[in-house]
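Here is a friendly briefing to keep beside the model as you look through it. It begins with one side chain and then widens out to the rest.

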Amino acid sequence: MPALFLLGLKMSFVLKIIRPGTEFSDIKAAKVVLPAMNGPLTVLEDRAPTSLLLRNGQILALDENNNLIRRFFVQGGMADVALNVCAVSTEVVHAYEDM
């Protein structure tokens, strides 16, 4: 990820994915797409605080040009968004790089 900062891309949103008892991932991105129950939800910087349930699906971390930084698969869970942090709690998560 440091290479992204060297390219001058502004990343000011933090995505935290937490499994019971451990933090799975903590990365910075410009946008995060969540698999919300009512359909995909894109979270941007300075979004109003919200909590939502997640269905099985992909979480995408994107840069300012919509290029993929990281991709995860979750089996349900919930997300809390506040103060430029998106905290996802789930029991099952896989990084696509590890699959």
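The side chain of T90 reaches the backbone oxygen of G76 at 2.9 Å, a polar contact in the sense of N or O atoms within 3.5 Å, where within protein one must be able to donate a hydrogen and the other to accept it, and residues adjacent in sequence count only if both atoms are side-chain atoms. This is a predicted model, in which local features need pLDDT of at least 70 and side-chain atom pairs count only at pLDDT 80 or more, while totals for chains, interfaces and linings use all residues. Residues are numbered from 1 along each chain as its sequence is written, and side-chain values use heavy atoms, with hydrogens and water left out.

**Around T90**

- The side chain of T90 also reaches the backbone oxygen of V92, at 3.2 Å.
- T90 sits in the loop between β9 and β10 (93-95); helices (H or I, at least four residues) and strands (E, at least two) are DSSP runs, numbered from the N terminus.
- T90 counts as buried because its relative accessibility is 5%; buried means under 20% relative accessible area, exposed over 50%, and partly exposed in between (1.4 Å probe, protein chains only).
- Leaving aside neighbours within four places in sequence, T90 is in contact (heavy atoms within 4.5 Å) with I17, I18, R19, P20, V74, Q75, G76 and G77.

**N84 and D46**

- A polar atom of the N84 side chain lies 2.6 Å from the backbone nitrogen of D46.
- N84 belongs to the loop between β8 (77-82) and β9 (85-89), and D46 to the loop between β4 (39-44) and β5.
- N84 is buried, because its relative accessibility is 18%, whereas D46, at 61%, is exposed.
- Not counting residues up to four places away in sequence, N84 touches S12, F13, V14, E45 and D46.

**Positive phi values**

- D46 has a phi near 65 degrees, a positive value in a residue other than glycine.
- N66 likewise is a residue other than glycine with a positive phi, near 65 degrees.
- N66 is found in the loop between β6 (57-62) and β7 (68-74), and its relative accessible area of 45% makes N66 partly exposed.

**A nonpolar patch**

- M37, L53 and M78 make a nonpolar surface patch of about 300 Å².
- Patches are made of residues with over 30% relative accessible area and no salt bridge, with like charges joined within 9 Å and nonpolar side chains (Val, Leu, Ile, Met, Phe, Trp, Tyr) within 5 Å; a salt bridge is a side-chain nitrogen of Lys or Arg within 4 Å of a carboxyl oxygen of Asp or Glu.
- L53 lies in strand β5 (residues 50-54) and counts as exposed because its relative accessibility is 55%.

**The chain as a whole**

- The protein chain has 1 helix and 10 strands, in the order α-β-β-β-β-β-β-β-β-β-β along the sequence.
- Of the 99 residues in the protein chain, 38% are buried.
- Among contacts with a separation of 6 or more, 49% join residues 24 or more positions apart.

**Confidence**

- The mean pLDDT (the predictor's confidence in each residue, from 0 to 100) of the protein chain is 88, and 88% of its residues reach 70 or more.
- Confidence is lowest in helix α1 (residues 2-6), at a mean of 43, and highest in β5, at 97.
- Over residues 1-7, pLDDT stays under 50, and the model has 8 contacts beyond four places in sequence for them.

Conventions:
Accessible areas come from the Shrake-Rupley method with a 1.4 Å probe; for residues, only the protein chains shown count as cover.
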